[in-house]
Amino acid sequence: MSAPILEIEDLCAEVGGKQIIKDFNLTINEGEVHAIMGPNGAGKSTLSYVLCGKSGYKVTSGSVRFKGKDLLSMSTEERAREGIFLIMQYPVEIPGVPSTTFLKHAVNAVRQHQGLPELDTMEFLKMVREEGRKLGIDNEMLKRPINVGFSGGEKKRMEALEMTILKPSFAILDEADSGLDIDAMKVVADSVNALRDNKRAMLIITHFQRLLNYVEPDYVHIFANGHIVKTGDKHLAVELEQNGYAEYVKEN
Amino acid sequence: MNRPEIIDESGDKYKYGFTTDIEADTAPVGLTEDIIRLISRKKEEPEWLLDWRLKAFEFWQTMQEPTWAKLSYDKIDYQSLHYYSAPKQKVAPKSLSEVDKNLLETYDKLGIPLKEQEALAGVVAVDAVFDSVSVATTYRAKLAEKGIIFCSISEAIKNHPDLVKKYLGSVVPYTDNYFACLNSAVFTDGSFVYIPKGVKSPMELSTYFRINAKNTGQFERTLIVAEDDSYVSYLEGCTAPQRDENQLHAAIVEIVVMNNAEVKYSTVQNWYPGDKDGKGGVYNFVTKRAACRGANSKISWTQVETGSAVTWKYPSCVLQGDNSVGEFYSVAITNNRQQADTGTKMIHIGKNTTSKIISKGISAGFSNQTYRGLVKVTPQADNARNYSQCDSLLIGTNCGSHTVPYVENRNRSAVLEHEATTSKISEEQLFYCQQRGIGEEEAVSLIVNGFCKEVMQHLPMEFAIEAAKLINISLEGSVG
């Protein structure tokens with residue numbers, strides 16, 4: 001029996017005074033991949049921001065435990081260092097900060113938290129270039145300021161690289177396939193699958209079933225009205241693709 | 001004589017806030033003709049220089065302190081300051097071994113191990129100005145082999161009077177402005193650099209300025225002359241102890257650049273900025289100007305301004321020679337109650353002259369910052385080109401940033417471009433960094449360093465590292 005990695009109980013959260021997450025319950029065990037599907041505007045992304053501790057996203061009640069620890073009392077960076085990684089829908093540009101510099105700061109922050117020595121520049125560059133190559137990121141791209149002027153596909157490759165080198169124990173993919181062509185989506189899917197093992201877990205937040213053809217989930221949940229309204233296996237995603245969300249949204 | 005007391009610097013982040021307990025020879029308080037005569041006598045100056053000082057003093061008394069800058073500070077009582085303070089030493093040091101041990105320790109604390117540098121014959125030659133007097137110039141012998149003169153301006157007045165007389169005040173006349181005029185009357189030391197024709201300086205030349213004594217104004221004067229086909233890169237660093245009173249600093253830098261010569265002047269200014277409530281700190285009123293007199297000459301100013309309570313500074317380029325080039329790269333950071341009104345002047349006179357201005361201002365806390373710049377194209381300056389870019393970054397909601405670019409164009413062939421942006425560090429950028437495990441302060445420093453990158457890459461390597469560290473220190477506590 002594998003242990004729970006994420007336990008969400010009766011979670012309620014609001015953004016700008018508006019309640020988006022209501023009485024949300026979900027437990028994800030080590031080794032599992034869960035997908036949350038739902039109509040646009042239902043607040044799926046809100047869930048990912050709440051889990052990551054983004055400012056402006058306020059938890060009003062409920063609890064979240066991550067690997068047994070109280071997640072909600074941790075800062076954003078502590079959650080990240082504990083192993084939560086969010087593949088973002090719109091990765092932000094940071095002018096003047098070379099991708100390698102950014103990655104090095106991130107890797108060393110996580111390593112320090114884990115009690116590991118910082119990587120020196122040579123070790124780090126060797127590792128990042130090697131992993132980059134596997135994802136179709138060349139040395140030139142690594143020198144460019146992070147995400148600045150990157151195409152949608154390049155941004156997602158960079159996200160995949162960050163995930164690969166940070167080796168999170170829990171990855172959240174927030175609409176990771178939006179606006180991507182098949183090749184770029186496959187890169188993301190491959191990097192997720194490569195990370196997948198019996199200790200790590202994933203949460204895939206998506207509107208379409210498409211990505212789930214490449215990263216096969218153990219569970220599929222339908223999110224509407226602030227919480228999960230139905231849970232099934234991968235076949236539920238196929239069914240949704242055919243019948244739409246209408247049936248689940250009309251609940252209240 | 002006064003012995004400065006040690007100020008308790010516990011709990012503060014300014015790491016250069018210590019004072020050095022050293023016997024000093026200090027002039028009485030106040031500014032009169034007699035004080036100027038005293039300074040001149042102490043320095044055993046020639047008659048012409050005393051006359052020049054006195055003329056400047058006479059003129060200064062007719063002038064008004066400028067009020068056009070966006071700065072507010074308590075009125076300076078010029079009669080309450082000492083205008084001369086020198087570390088007491090019986091005879092002028094001939095080499096480092098004769099320099100006071102306490103003084104050398106001070107420079108060690110500041111990260112300038114003079115002895116080590118001389119011994120290792122490294123890359124930088126240093127002139128160190130302590131309060132008013134230059135105490136040590138390293139590498140002199142090695143530079144002299146190439147014909148380069150690098151010494152304190154006092155020594156230059158003694159040993160190279162013709163050169164000093166020819167160029168002193170030729171770029172910044174004593175009538176130029178209130179603070180320059182004051183400096184001309186009372187300047188006590190500074191550095192002198194002369195690069196002969198065809199010589200490229202084999203090392204970077206560097207001056208460290210240090211205010212130590214209490215209630216003492218510091219008025220250095222730097223003069224750099226680069227003859228035809230020469231090159232020099234010059235670095236200037238500044239620190240001051242932490243004191244509750246404000247300290248006045250009014251310096252002048254004059255640079256003359258002849259045909260095909262190039263001077264690169266880099267500054268890291270870290271005078272004590274005052275405490276978080278705006279108590280104490282250095283008033284920094286500086287006139288820096290370079291005259292590109294020769295054809296194809298080039299001057300490049302790079303400054304990183306993190307210190308001082310009040311900064312009033314506009315390093316300028318007078319582009320007289322045809323095809324001459326002027327550049328200004330600036331990062332100014334203000335936090336807490338600091339105020340900075342800084343920028344540049346590009347005066348296009350020769351034909352085909354080019355200038356470039358890249359200014360990055362970062363304001364945090366309750367600070368206020370103004371970029372003030374002038375691009376002037378005179379009627380004879382055919383085909384002048386200027387590119388100006390002024391970017392401001394705001395951290396928090398209580399600081400201010402202002403951009404005041406003046407353009408005076410009298411020639412139709414000029415091509416002038418100006419871009420300006422003001423932005424805040426976005427929540428999204430911070431979130432992105434933090435979600436990858438990077439702490440908030442580290443994230444801010446990463447974003448700010450990215451913002452300044454275009455300027456920082458113009459600094460010599462060892463200076464760039466120091467400057468990046470300073471930026472981080474300056475911004476500590478500005479978020480959260």
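Start with helices α6 (residues 152-166) and α7 (residues 182-195) of chain A, which pack at an angle of about 10° with their axes 9 Å apart. That makes α6(A) and α7(A) roughly parallel to each other. Axes here are lines fitted to C-alpha atoms, for helices over the stretch in contact, with angles running from 0 to 180 degrees between N-to-C directions. Helices (H or I, at least four residues) and strands (E, at least two) are DSSP runs, numbered from the N terminus.

A quick word on the ground rules: this is a predicted model, where local features need pLDDT of at least 70, side-chain atom pairs count only at pLDDT 80 or more, and totals for chains, interfaces and linings use all residues. Residues are numbered from 1 along each chain as its sequence is written, while chains are lettered from A and ligands numbered from 1 in the order in which they are written.

Back to the pair in chain A: α6(A) and α7(A) pack at that angle of about 10°, and Gly153(A), Lys156(A), Arg157(A), Ala160(A), Met163(A) and Thr164(A) of α6(A) make the contact with Ala184(A), Val187(A), Val188(A), Ser191(A) and Leu195(A) of α7(A). Two residues are in contact if their C-beta atoms, placed from the backbone, lie within 7 Å. By class, the contact of α6(A) with α7(A) has six nonpolar, three polar and two charged residues. For the classes, Ala, Val, Leu, Ile, Met, Phe, Trp, Tyr, Cys and Pro count as nonpolar, Asp, Glu, Lys and Arg as charged, and the others, Gly among them, as polar.

Still in chain A, look at Gly38(A), which is found in the loop between β3 (33-37) and α1 (44-52). Gly38(A) is buried, with 23 other C-beta atoms within 10 Å. The cut-offs: a residue is buried if 20 or more other C-beta atoms lie within 10 Å of its own, exposed if 12 or fewer, and partly exposed in between, with C-beta atoms placed from the backbone. Leaving aside neighbours within four places in sequence, Gly38(A) is in contact with Lys44(A), Ile222(A), Phe223(A), Ala224(A) and Tyr245(A).

Now cross over to chain B. The contact takes 22 residues from chain A and 17 residues from chain B. On the chain B side, α9 (427-435) and α10 (440-456) each supply at least two residues, and α9(B) gives the most, with seven. By class, the side of chain B that touches chain A has six nonpolar, six polar and five charged residues.

Chain B itself comes to eleven helices and 24 strands, and 56% of its 480 residues count as buried. Among contacts in chain B with a separation of 6 or more, 82% come from residues 24 or more positions apart. Thr26(B) sits in strand β1 (residues 24-26) and counts as buried, with 22 C-beta neighbours inside 10 Å.

The axes of α1 (residues 33-42) and α2 (residues 47-60) of chain B come within 10 Å and cross at roughly 155°, so α1(B) and α2(B) are roughly antiparallel to each other. Glu33(B), Ile36(B), Arg37(B) and Ser40(B) in α1(B) meet Leu49(B), Leu50(B), Arg53(B), Leu54(B) and Phe57(B) in α2(B). That contact has five nonpolar, one polar and three charged residues by class.

Next, the core. The largest nonpolar core holds 188 residues, of which Ile204(A), Ala226(B), Ile255(B), Val257(B) and Val263(B) touch the most other members. α10(B) gives the most to this core, with nine residues. A nonpolar core is a set of buried Ala, Val, Leu, Ile, Met, Phe, Trp, Tyr and Cys residues joined through C-beta atoms within 7 Å. Outside four places in sequence, the contacts of Ala226(B) include Ile195(B), Val232(B), Val256(B) and Met258(B).

Most residues other than glycine have a negative phi. Asn336(B), however, has a positive phi of about 50°; Asn336(B) lies in the loop between β17 (325-334) and β18 (339-342) and is buried, with 20 other C-beta atoms within 10 Å. Asn383(B) has a positive phi of about 55°, and its place is in the loop between β21 (368-377) and β22 (385-394). Asn383(B) is partly exposed, with 17 other C-beta atoms within 10 Å.

How values were computed
Angles under 35 degrees count as roughly parallel, over 145 as roughly antiparallel, 65 to 115 as roughly perpendicular and the rest as oblique.
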